[in-house]
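I open the notebook on a new structure. I plan to look up the sheet, then a helix pair, then the chain as a whole.

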Amino acid sequence: MSLYAHKEANIRKTFLLFAVFLIVIIGIGWFFSKIYANPGILIFAVFFSVLMSFISYWYSDKIVLKISRAVPVKKENYRELYNIVENLSIAAGLPMPRVYLINEPALNAFATGRDEKRAVVAVTSGLLEKLDRSETEGVIAHELSHIGNRDMLVSTVAVVLVGFVALLSDFFLRSMFWGGLGGRDRDKGQAAGIMMIMGIALAILSPIAVTLIQLAISRSREFLADADGALLTRYPEGLASALQKISSDKTPLKAANKATNHLWFSSPSKGKVASWFMTHPPTEERIKRLREINL
Amino acid sequence: MATFIWYIILAVAVIVGWFVYAYNRLVTLKIRSSEALSDIDVQTKRRYDLIPNLVEAVKGYMQHERNVLENVTKARTEAMATTGTSLEREGKENFLSNTLKTLFAVAENYPDLKANANFLDLQRELADTENKIQAARRFYNANVRDLNTKIEVFPSKIVANIFRFEKIEFFKAVSAEEREPVKVQF
């Protein structure tokens with residue numbers, strides 16, 4: 001198999017994601033500008049969606065790092081982690097990514113950045129404490145494979161675009177609820193009506209948005225990154241035992257939220273509802289496949 | 001009749017287009033492999049630079065193990081004197097790795113030396129360089145594997161044969177150690 005066979009496909013997928021986002025937002029804008037006979041709404045929607053697309057392409061990695069409360073690490077203080085990343089990126093033929101740390105006891109990691117030159121690998125401090133070297137290497141190799149395959153471009157851009165739609169739907173559902181309670185005079189009643197329509201529209205949209213994430217970051221991608229990572233370290237058992245440790249550790253990850261769920265090495269949501277909107281394949285399946293790899 | 005000619009033109013265009021694509025692909029892979037090969041030199045060079053410092057740091061402590069130190073120095077000189085790519089120097093480089101391993105094993109018997117911060121630092125640096133050499137070789141092997149597969153499989157095999165692309169050699173030592181974790185313990 002060729003190195004990073006999915007790179008081009010992922011770059012195409014990112015632009016498809018932008019296209020869908022633009023069509024959806026401008027479509028909603030057009031719809032409401034027709035209803036209220038006000039072209040301003042459409043202009044606003046066009047302007048707004050283009051702006052959001054720019055932000056998500058140029059700044060989403062910074063936004064992701066910010067909401068995950070990740071801080072850059074210095075080589076002197078985290079020598080072993082730094083060496084692991086350095087050595088594996090040589091083996092992967094990638095430039096050295098920047099290394100970030102999330103100060104949390106939960107065990108997790110993610111990669112972000114729009115291309116390999118601006119890539120970032122972030123790990124939690126819990127992961128560094130509880131995993132041994134070959135396990136950490138397994139996790140880092142998995143993340144580097146995401147970088148090489150450009151998975152992190154799609155998933156990082158998706159965070160902002162989809163997260164934004166989810167946020168809007170939350171906002172409208174909430175204001176619909178309050179608007180419904182306080183709808184006494186006529187003005188307010190009409191406002192509540194607008195809110196209600198938009199709320200319903202967005203309430204329908206946001207599950208579609210979540211599904212979009214799942215399409216973009218399909219589960220097979222995680223298997224692929226596991227396999228590529230195992231090829232880098234030549235030691236699938238390291239990643240397998242890391243997965244085992246991580247799945248048995250129940251410390252919740254505070255830095256994760258709905259929009260960034262799919263970015264993480266191991267799914268941060270561990271409840272029953274999580275399995276309905278699963279962004280990651282089940283850990284047992286991942287471990288099983290890793291142990292079947294014959295190098 | 002005219003449409004028939006058009007079909008032929010179309011078929012020829014497709015075949016020529018595919019030839020160009022396959023040829024370019026092979027050239028790209030070949031260039032990538034030789035780049036990966038010269039990247040290894042960066043790491044081996046780093047090791048050459050570190051060794052004199054190590055010898056200097058250890059000399060005072062290891063009075064009775066002169067030959068261990070001499071072996072390291074000799075292996076380094078030999079590896080440096082050998083011309084050619086790092087693939088051709090593989091044997092010498094691996095020999096150098098082994099003399100270093102012996103040196104660090106012997107150093108275990110010298111508690112004073114093991115308490116020396118400078119020595120510990122050099123030991124860590126050299127262990128890391130060893131890991132980096134392995135990593136760089138592994139990347140080279142991955143590229144060569146891609147190229148060799150392209151040369152072997154149909155239909156790119158045809159293009160490879162016409163333009164005489166030849167299969168490239170792997171680093172053997174890497175494959176022997178493939179099953180081990182990347183970690184190298186001196």
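This is a predicted model: local features need pLDDT of at least 70, side-chain atom pairs count only at pLDDT 80 or more; totals for chains, interfaces and linings use all residues.

β1(A) pairs with strand β2 (residues 98-102) of chain A in the antiparallel sense, over three bridges. I looked up A:A70 and found its bridge partner in β2(A): A:I102.

Next I traced the whole sheet. It is open, has four strands and runs in the order β1-β2-β4-β3 (chain A). The pairing is mixed. I noted β1 (70-72) and β3 (109-112) of chain A at the edges. Each has a single partner strand, so one side of each lacks a neighbour in the sheet. On average, neighbouring strands are turned by 30° against each other, direction ignored.

Then I asked what lies across β3 and β4 (120-124) of chain A. I found α5(A) there, running at about 25° to β3(A).

I followed that helix to a helix partner. Helix α5 (residues 133-148) of chain A packs with helix α9 (residues 236-248) of chain A at about 95°, the axes 7 Å apart. That angle makes α5(A) roughly perpendicular to α9(A). I listed the contact residues: on α5(A) they include A:S134, A:G138 and A:H142, and on α9(A) they include A:G238, A:L239 and A:K245. By class, I logged four nonpolar, five polar and three charged residues in this contact.

Last, I took the chain overall. Chain A has 10 helices and four strands. I read the pattern along the sequence as α-α-β-α-β-β-β-α-α-α-α-α-α-α. Of its 295 residues, 44% count as buried. Among contacts with a separation of 6 or more, 70% join residues 24 or more positions apart.

Note on methods: Residues are numbered from 1 along each chain as its sequence is written. Chains are lettered from A and ligands numbered from 1 in the order in which they are written. Axes are lines fitted to C-alpha atoms, for helices over the stretch in contact, and angles run from 0 to 180 degrees between N-to-C directions. Helices (H or I, at least four residues) and strands (E, at least two) are DSSP runs, numbered from the N terminus. Angles under 35 degrees count as roughly parallel, over 145 as roughly antiparallel, 65 to 115 as roughly perpendicular and the rest as oblique. Two residues are in contact if their C-beta atoms, placed from the backbone, lie within 7 Å. Ala, Val, Leu, Ile, Met, Phe, Trp, Tyr, Cys and Pro count as nonpolar, Asp, Glu, Lys and Arg as charged, and the others, Gly among them, as polar. A residue is buried if 20 or more other C-beta atoms lie within 10 Å of its own, exposed if 12 or fewer, and partly exposed in between; C-beta atoms are placed from the backbone. Two strands pair if DSSP finds at least two bridges between them.
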